[in-house]
Amino acid sequence: MQVSRTFYARGQTGQQLLIGAYQALSRQIALGSVVMYNRHEMLDLVMIDGKARGIIVRNLLTGKLERFAAHCVILATGGYGNVFYLSTNAMGCNVTAAWRAVKRGALMANPCYTQIHPTCIPVSGEYQSKLTLMSESLRNDGRVWVPKDKKDVEAIRSGNLAAQDLPEDRRDYYLERRYPAFGNLVPRDVASRAAKVVCDDGLGVNKSGLAVFLDFAEAIQRYGKSEAHAKGIENANPAAIIKLGEKVIETKYGNLFEMYEKITGENPYKTPMMIYPAVHYTMGGLWVDYNLETNIPGLFALGECNFSDHGANRLGASALMQGLADGYFVIPYTVGTYLAADIRTPSISTNHDAFAKVEQEVNDRLNKLLSVKGSQTVEQFHRRLGMIMWDHCGMSRTAEGLSKAKTMIQELRSEYWNDVIVPGEQNEFNPELEKAMRVADFMEMGEMMVEDALHRNESCGGHFREEYQTPEGEALRNDADFTYVAAWEWRDDQDSVLHQEPLKFEKVELKTRSYK
Amino acid sequence: MKLTLKIWRQKNTNSHGKFENYQITADTHMSFLEMLDVLNQDLIEQGKDPVAFEHDCREGICGACGVVIDGRPHGVLKGTTTCQLHMRFFKDGDTITIEPWRASAFPVIKDLVVDRSAFDRIIQAGGYVSVNTGQAQDGNAIPIERDTAAKAFDAAACIGCGACVAACPNASAMLFVSAKVSHLFHLPQGKVEDESRVMSMVTQMDKEGFGNCSNVYACEAECPKEISVENIALMNRRFIKSSLTSNK
Ligand SMILES: Cc1cc2nc3c(=O)[nH]c(=O)nc-3n(C[C@H](O)[C@H](O)[C@H](O)COP(=O)(O)OP(=O)(O)OC[C@H]3O[C@@H](n4cnc5c(N)ncnc54)[C@H](O)[C@@H]3O)c2cc1C
Ligand code: SF4
Ligand code: FES
């Protein structure tokens, strides 16, 4: 049985939740209970006697470092999908806050679990800066296919054949073929991998060979006929049916179709959309307990930046659910409990030596990046890191590729600190310097993701190891050896150290998914 | 395609800015911001100062990317933010003028980046519903008629980008503020404080130094989210009503 468990607000669900939360926050600001520091970026965590007691931030307008002290620190700094350079995440998403906590001893859990979303607009060229997600809801009505024959693929790629003119029997609706029960609605990881398989076989339908079709022609027909019937139009002609069908599709997905056309210049009512998987969400994150506290006392992590709710594979809509649950229902209570034990601790002073020390370290790192004055831009390094991650730690992974990736990232890191060029100064508004700090952290994070992926000798959710698959190419778990959360401790210039948190299933039984 | 870019360069809020010309080769499939990325890559490699521009989501959601392109906020395309604009809407050989929002309430931070925190302060003046989140009644427990919900949603689509201000000859923020007022006014949870909200938000708007509305309607034409000026009419009615009944 399938039940409804999501809301849909004109393709703006997240945006509307954000506006609601922002308005509620604005009210607290007006009441004086919250002070907001716009354009300030946390660059390190300050610990005193083993507890999280504050942060060092850079005022992005003036470039000055500032100290903030508190009895506890809460991070709600989002996911690290931009390790891959190209993702559906906003350009500003980064791992720095979480990574700085890791450098201070926090554990990073399941970093290799990455969600790759099947319905994104394909890459159009080398200059590509981010990828746009086409909502999941499109798979309710769209059918995914590629041509069966490479000759047809060639004809479509070279523009000699329009996709809509390819006869039905020369198309492979591969999701419907492989997964008759769920068809085009299989979960994200399964749909993404299936697209990769057909494209690896040379059946990708755009110039780069990295795209499949998402086709609404059948849905337009179906809706058109039922509309004609409902309106009592007998023997409606084909053109009228298409018109009626397109109207239905427009009410359901009009804004998405418009967005697609804006980006690609193609009309998806007439020619099938082209889509390809892209990095979308990171299930891994800072390790936390049930109270959302990390292993560093007084350091809490909420939302996408922790690892807690989604296991190896997040379901649609669960990220926003987690944001609301963590923020409204968990943290208000657990932070109180934590603070209760600290009730006699006087306010923490930013004059403590620990602040001066960490601030100096941040300052040194900023200066070091500015002083390299090499020849390659931050963006170029970020792209290269992204390629390594996508090729070797993306939709499917092998021990060999991962080992190679680890060395490549280490080499890239040392090249970075010797050849990056960061223009401008520290004490000014300097977006390139901001990026430079973030990319430095992405590189170390990338390395840890690769280590995690290499150690997990099984396929599980967002982690697919080619060595571990069934004869039909489905993920093969190894519950006997890997039913645990892998929480990693970073060591500079050494391998990371693994800590295992066993997964115990009390109310439900561990099963294997099947969408056949 | 070969283009000439005429870009406003301004080191910081207090310095004087001026236009500078750049030659660039772009691909028709690029987005407008990707074209600026390519320019910045060149500038950095030449040891020059890259052009500062603001952006985050790059898909029309966050409202950060507003710049004036050839005199039009977010460019000439209807219902489109700068980040959604693609180069195929320009021709080989074009000269494109790019400048920041021009309004005294939005001071330039650097080049094309402006400070829109005046909008934050207007929201803080009353652009919310006074209940503590977490304990409020489940929204779905109060049925709202489809048309009313649609009206609220149309207004709620505002991304706070500031293009309306940039488009207006008086640098008025009426479209933005009225979108926020109207969004909450149409919903039962927001109706309760409607009168005081209108008063406080309009007062704050005036305090921030935004100009008056003289019914030019350039705001509606340039708004990437196609917010209607009907919201301004609604806000004016709410404002008059609350000034008459106000006991403050
Ligand atoms: C295109 C897209 C569509 C999505 N659609 C859905 C959906 O329909 N349903 C769903 O459930 N989920 C969806 N998701 C996932 C969901 O939106 C995210 O997981 C969620 O928004 C994460 O919320 P968050 O508060 O944890 O982090 P974010 O929203 O990423 O917020 C993190 C904040 O921290 C700030 N920050 C980061 N680092 C620092 C630092 N060092 N110092 C100071 N501030 C910092 C950032 O600026 C940002 O404001 C979608 C994601 C994307 C990208
Ligand atoms: S009303 Fe339109 S133009 Fe004005 S801030 Fe909102 S979205 Fe931008
Ligand atoms: S970058 Fe977010 S709206 Fe343009």
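This is a predicted model: local features need pLDDT of at least 70, side-chain atom pairs count only at pLDDT 80 or more; totals for chains, interfaces and linings use all residues.
Residues are numbered from 1 along each chain as its sequence is written, and chains are lettered from A and ligands numbered from 1 in the order written. Local features need pLDDT of at least 70, side-chain atom pairs count only at pLDDT 80 or more, totals for chains, interfaces and linings use all residues, and side-chain values use heavy atoms, with hydrogens and water left out.

Let's start at the ligand. Around ligand 1 stand 20 residues (each with a heavy atom within 4 Å of it), and A:Met42, A:Tyr281, A:Glu304, A:Ala317 and A:Leu320 come nearest. Strand S1 (40-48), strand S10 (273-282) and helix H8 (318-340) of chain A each supply at least two residues of this shell; helices (DSSP runs of H or I, at least four residues) and strands (E, at least two) are numbered from the N terminus.

Now look at single atoms. An oxygen atom of ligand 1 is 2.6 Å from an N or O atom in the side chain of A:Glu304, and a backbone N or O atom of A:Ala317 lies 2.9 Å from an oxygen atom of the ligand.

Next, turn to chain B. Its open sheet of five strands has mixed pairing and the order S2-S1-S5-S3-S4; two strands pair if DSSP finds at least two bridges between them. Strand S2 (18-25) and strand S4 (72-73) of chain B are the edges, each pairing on one side only. Strand S3 (residues 68-69) of chain B runs antiparallel to S4(B), joined by two bridges, and B:Ile69 stands opposite B:Arg72 in S4(B).

Key. A polar contact is a pair of N or O atoms within 3.5 Å; within protein, one must be able to donate a hydrogen and the other to accept it, and residues adjacent in sequence count only if both atoms are side-chain atoms.
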